[in-house]
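Here is a short report on a two-chain complex. Look over the model first, then read on.

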Amino acid sequence: MSQLEKLPPTPIHGVHHTARPTWKLRETVEFYRDKLGLPLVHAISARGWPEGHPDFLHFFFDSGNGSTIAFFYYIGTTRPEQLKPFPSHFYTATHTAWQVQHLSDLDIWRQRLEANGVDLRYQTRHEIIESIYFSDPNGYPLEITYQLRPMTSMDADDADRTLRAGMALEDARKAGDITAFSCIDDVWRSKGSELAALWEART
Amino acid sequence: MNVCIFVLDVEEFAPLVLCARQMPTTEVTGPCQGYLRIASSSHLEFSRKQLGFKPAVWYGALTGGLVGHIVEFSRDTLRIEAT
């Protein structure tokens, strides 16, 4: 048994915090604490360290179930151009999604956000979640979601088939097959071939 | 069967199976390994409105797997024919 195999299991136990920079201190505090109602639970104010690091504030809002959302305010700095939001799926792909316990909670959140002048981008139902989407004053995308059903082992098995197909197609493309992975149909056909073989084997 | 799709046996995709069972030219088999197979010797065609799918589920409706060629996948119509 290798040293690695001797290590005991240490499951990750949920989110403690995720963090991002802000150059809008007041607007950020007023948005998360006052408009969303997330308690401010911790703040660090420190000289910048190691050398070259600006002095900073690092502060945390309670987002429930032991999780927090955190920010860094780097004193005397301005936001670099490359960190400004830009209108693209590539930008909004990085987002925070909070969970509510009841579908009806989404309606209440809609009302709360609208009453506070927060623009909702849209509400939509996906496969296993229904969500509302909006942004904070920094432009960071936020989502509040209700999970419509639990994820089962069937979902996990299907996810494994999907990602195995995707990774094989990515490998083929990297190896020089420029026709591989040109659209999602490639994944669907790959999964279809695998399952069709399974169907034939059972009959 | 020349054309088929595989549908994960979960509630959000169930309308595909219910709809296919009403079609005279399709055959539904399974479940096997968590999937149902909707097959046809000619083609498969679904209407989003008939299925009652929101766009996010509609555009992922083939996530279970596909044997065939998509000839139309518009906002309201999905048609698959033999490759």
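## Model and confidence

This is a predicted model. The predictor gives the complex an ipTM of 0.96 and a pTM of 0.91. Chain B has a mean pLDDT of 95, and 99% of its residues reach 70 or more.

## Strand S3 of chain B

S3(B) has paired strands to consider. Strand S2 (residues 26-32) of chain B pairs with S3(B) in the antiparallel sense, over five bridges. S1(B) also pairs with S3(B) in the antiparallel sense, over six bridges.

S3(B) is mostly covered, with six of its six residues buried. In a regular strand, side chains alternate between the two faces of the sheet. Tyr35(B), Arg37(B) and Ala39(B) point one way from S3(B), whereas Leu36(B), Ile38(B) and Ser40(B) point the other way. All are buried.

## Nonpolar cores

The largest nonpolar core has 28 residues. Ile5(B), Val7(B), Leu16(B), Ile38(B) and Ala61(B) have the most contacts inside it. Both chains contribute: helix H6 (185-202) of chain A supplies at least two residues of this core, and so does each of S1, helix H1 (14-21), S3, strand S4 (43-47), S5 and strand S7 (77-81) of chain B. S1(B) gives the most, with six residues.

A second, separate core of ten residues includes Phe31(A), Phe59(A), Phe71(A) and Tyr73(A). Back in chain B, what does Ile38(B) touch, not counting residues up to four places away in sequence? Its contacts are Cys4(B), Ile5(B), Val7(B), Leu16(B), Val17(B), Ala20(B), Thr26(B), Val28(B) and Leu44(B).

## The contact between the chains

The contact takes 23 residues from chain B and 21 residues from chain A. On the side of chain B that touches chain A, strand S1 (3-8), strand S3 (35-40), helix H3 (55-58) and strand S5 (66-67) each supply at least two residues. S1(B) gives the most to this side, with three residues. The residues of this side divide into twelve nonpolar, six polar and five charged.

Lys191(A) lies in helix H6 of chain A. Is Lys191(A) buried or exposed? Lys191(A) is buried, because 24 other C-beta atoms lie within 10 Å. Not counting residues up to four places away in sequence, Lys191(A) touches Arg161(A), Thr162(A) and Ala165(A), as well as Gly64(B) and Gly65(B). Lys191(A) and Lys35(A) are 156 residues apart in sequence and 45 Å apart in space, C-alpha to C-alpha.

## One sheet of chain A: S1-S4-S3-S2

An open sheet of four strands has the order S1-S4-S3-S2 (chain A), with mixed pairing. Its edge strands are strand S1 (17-22) and strand S2 (40-46) of chain A, each pairing on one side only. Neighbouring strands are turned by 20° against each other on average, direction ignored.

S1(A) runs parallel to strand S4 (residues 68-74) of chain A, and six bridges join them. Pro21(A) stands opposite Phe72(A) in S4(A). Helix H2 (residues 25-35) of chain A lies across S1, S2, strand S3 (56-62) and S4 of chain A, and runs at about 170° to S4(A).

## Another sheet of chain A: S5-S8-S7-S6

This open sheet of four strands has the order S5-S8-S7-S6 (chain A), again with mixed pairing. Strand S5 (96-99) and S6 of chain A each have a single partner strand, so one side of each is left without a neighbour in the sheet. Here neighbouring strands are turned by 20° against each other on average, direction ignored.

S6(A) and strand S7 (residues 129-135) of chain A pair in the antiparallel sense over five bridges. Thr124(A) stands opposite Ser131(A) in S7(A). H4(A) lies across S6, S7 and strand S8 (141-147) of chain A, at about 15° to S7(A).

Asp119(A) lies in the loop between helix H4 (103-115) and strand S6 (120-125) of chain A. Asp119(A) counts as exposed because it has 9 C-beta neighbours inside 10 Å. Asp119(A) and Tyr133(A) are 14 residues apart in sequence and 8.9 Å apart in space, C-alpha to C-alpha.

Note on methods
Residues numbered from 1 in each chain as written. Chains lettered and ligands numbered in written order. Predicted model: local features only at pLDDT ≥ 70, side-chain atom pairs only at ≥ 80, totals over all residues. Contact = placed C-beta atoms within 7 Å. Nonpolar A, V, L, I, M, F, W, Y, C, P; charged D, E, K, R; others polar. pLDDT = per-residue confidence, 0-100. Pairing = 2+ DSSP bridges. Axes fitted to C-alpha atoms, helices over the stretch in contact; angles between N-to-C directions. Core = buried A, V, L, I, M, F, W, Y, C linked by C-beta atoms within 7 Å. Buried ≥ 20, exposed ≤ 12 C-beta atoms within 10 Å, placed from the backbone.
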